[in-house]
Amino acid sequence: MVKLKAAIMSLGSKSSEWTAEAMKKYFDQVDALDIRKIDIKISGSEEEIIYDGKPLADYDCIYAKGSFRFAPLLKTLTTVLEGKCYMPLSANSFTVAHDKLLTHLELQKHKIPMPKTFVSSTVPAAKKVLEHTSFPIIMKFPQGTGGKGVMFADSFASASSLLDALEALNQPFLIQEYIETGGKDLRLIVVGDKVIGSMMRHAAEGEARANFHSGGRGEKASPDSMTKKIAVQVAKAIQAEICAVDILPGSKGPLVMEANISPGLQLITETTKIDIPDIIAKHLYENTLARKQKKQANDSGNIMSEINKGAGGEKSMITNLSFRGGNMIVPEMITSATDFKPNDTFEIKTEKEKITISKMKIS
Ligand SMILES: Nc1ncnc2c1ncn2[C@@H]1O[C@H](COP(=O)(O)OP(=O)(O)O)[C@@H](O)[C@H]1O
Ligand SMILES: [Mg+2]
């Protein structure tokens with residue numbers, strides 16, 4: 001039996017606690033680590049991850065997540081650990097998902113539908129764009145969350161005064177067409193290549209933003225297969241195996257607003273009654289196990305390569321054998337060392353704890 005050791009590295013939110021608890025059902029050991037206790041040293045020649053003053057232990061699975069403030073750390077961590085353990089979120093996803101502009105650029109690359117989005121280098125240039133735009137519009141900070149960086153303007157006058165404020169704050173921003181949905185948006189949770197739960201979020205009375213943190217409430221939803229397919233495409237595009245995709249169900253069809261790689265699980269779990277932490281934990285376990293088994297197979301392949309050449313050209317190797325049912329399977333290296341062909345006939349001599357296979361010479 002392979003023993004699997006996992007860590008969830010997060011800010012310790014309720015959602016992370018639930019996920020850690022669920023992971024304990026599958027993994028032999030689960031450590032809940034605090035990303036605020038991580039330091040990483042990179043020097044060109046070596047790299048070192050320190051947790052709470054000590055070198056980070058080895059894990060088979062690391063689920064690292066956190067808010068955009070920790071994106072540089074999470075990106076460094078996942079880059080350094082790449083190839084050393086299973087991680088559901090790629091290093092790249094931390095840069096892309098935590099910036100709405102980069103997300104839109106990635107969506108554009110993959111031809112995924114989104115609201116029309118404008119980027120301007122200066123406020124006067126943005127005002128020029130707005131002279132030819134129909135209202136209302138949405139303005140956003142690329143790194144806002146919880147609806148906090150989203151502004152609504154229903155006229156040139158209100159947009160213009162918001163832009164002046166943004167200029168004074170020296171903040172980059174996006175301008176986006178406003179999609180009329182009656183204050184609703186869809187949140188789909190993607191795990192692997194499936195949508196495992198969805199809800200419709202309704203903005204509170206008098207609010208344009210449907211976020212939970214802006215007073216939005218959730219309702220069970222069954223999005224059509226096109227919307228689900230788009231959500232899975234988004235997860236693939238940003239290279240995140242676990243994420244929430246926010247979609248506006250407008251009259252022009254589903255339009256993607258953003259992807260969230262550290263989604264809150266409370267509202268969606270409450271709304272759908274689906275055990276989302278359990279599905280996430282199971283996905284982590286299955287992928288970690290598959291990776292470990294593949295690695296073990298490769299490692300036994302490595303033992304194989306330590307072949308001693310005997311005097312008569314014979315080779316010997318020390319290895320494990322795979323058994324499938326009652327059948328024994330020898331590694332490929334042995335097959336190629338023997339030069340046996342599928343149509344050859346063989347003589348197999350066996351005794352207890354010994355086997356000799358020879359090709360029959362047919363003259
Ligand atoms: N282009 C848009 N048209 C209509 N509503 C929008 C648009 N963009 C955002 N919203 C509303 O604002 C909310 C927050 O926007 P979002 O881009 O997801 O930022 P955040 O990261 O803060 O959640 C969305 O859930 C949606 O209700
Ligand atoms: Mg959102």
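**Domains, cores and ligand shell of the predicted model**

The chain divides into domain 1 (5-97), domain 2 (117-177), domain 3 (182-260) and domain 4 (307-359). These bounds come from an automatic or database domain assignment. The model is predicted: local features need pLDDT of at least 70, side-chain atom pairs count only at pLDDT 80 or more, and totals for chains, interfaces and linings use all residues. Residues are numbered from 1 along each chain as its sequence is written, with chains lettered from A and ligands numbered from 1 in the order in which they are written. Between the C-alpha centres of domain 3 and domain 4 the distance is 55 Å.

Ligand 1 is surrounded by 23 residues. A residue counts as near a molecule if its C-beta atom, placed from the backbone, lies within 6 Å of it. Pro115, Gln176, Ile179, Arg209 and Ala210 are the closest. Strands β8 (137-140), β14 (242-250) and β15 are the elements that give two or more residues to this shell. Helices (H or I, at least four residues) and strands (E, at least two) are DSSP runs, numbered from the N terminus. By class, the shell holds 10 nonpolar, seven polar and six charged residues. Here Ala, Val, Leu, Ile, Met, Phe, Trp, Tyr, Cys and Pro count as nonpolar, Asp, Glu, Lys and Arg as charged, and the others, Gly among them, as polar. Domain 2 and domain 3 each supply at least three residues to the shell.

The largest nonpolar core has 61 residues. Such a core is a set of buried Ala, Val, Leu, Ile, Met, Phe, Trp, Tyr and Cys residues joined through C-beta atoms within 7 Å. A residue is buried if 20 or more other C-beta atoms lie within 10 Å of its own, exposed if 12 or fewer, and partly exposed in between, with C-beta atoms placed from the backbone. Val234, Cys243, Val245, Ile247 and Val256 touch the most other members. At least three residues of this core come from each of domain 1 and domain 3. Contact requires C-beta atoms, placed from the backbone, within 7 Å. A second, separate core has 13 residues, including Leu130, Ile138, Val150 and Leu174. In soluble globular proteins, nonpolar side chains tend to be buried together.

In α4 (residues 100-109), the buried residues are Lys100, Thr103, His104, Glu106 and Leu107. They lie on the same side of α4, because they cover an arc of only 160° around the axis. The arc is that of the directions from the helix axis to the C-beta atoms. Gln108 and Lys109 are exposed on the other side of α4. Packing partners of the buried α4 residues are α3 (91-96), β7 (117-118), β8 (137-140), β10 (174-177), α7 (225-238) and β15 (253-260). In α1 (residues 14-23), Ser15, Ser16, Thr19, Ala20, Ala22 and Met23 are buried. They too cover an arc of only 160°, so they sit on the same side of α1. An α-helix has 3.6 residues a turn, so residues three or four places apart point the same way.

Cys61 belongs to strand β6 (residues 61-64). Cys61 counts as buried because it has 24 C-beta neighbours inside 10 Å. Leaving aside neighbours within four places in sequence, Cys61 is in contact with Leu4, Ala6, Cys85, Tyr86, Leu284 and Thr288. Lys220 is 159 residues from Cys61 along the chain, and their C-alpha atoms are separated by 32 Å.

The loop between α5 (123-131) and β8 contains Thr133. With 15 other C-beta atoms within 10 Å, Thr133 is partly exposed. Its C-alpha atom is separated by 9.8 Å from that of Ser155, 22 residues apart along the chain. Pro136 is found in the loop between α5 and β8. The peptide bond from Phe135 to Pro136 is cis, with omega near 5°.

Most residues other than glycine have a negative phi, and most peptide bonds are trans. Gln239 has a positive phi near 60° and lies in the loop between α7 and β14. Gln239 is partly exposed, with 18 other C-beta atoms within 10 Å. For Glu353, phi is positive, at about 65°. Glu353 occupies the loop between β20 (346-351) and β21 (354-359). It is exposed, with 5 other C-beta atoms within 10 Å.

Technical notes
Two residues are in contact if their C-beta atoms, placed from the backbone, lie within 7 Å.
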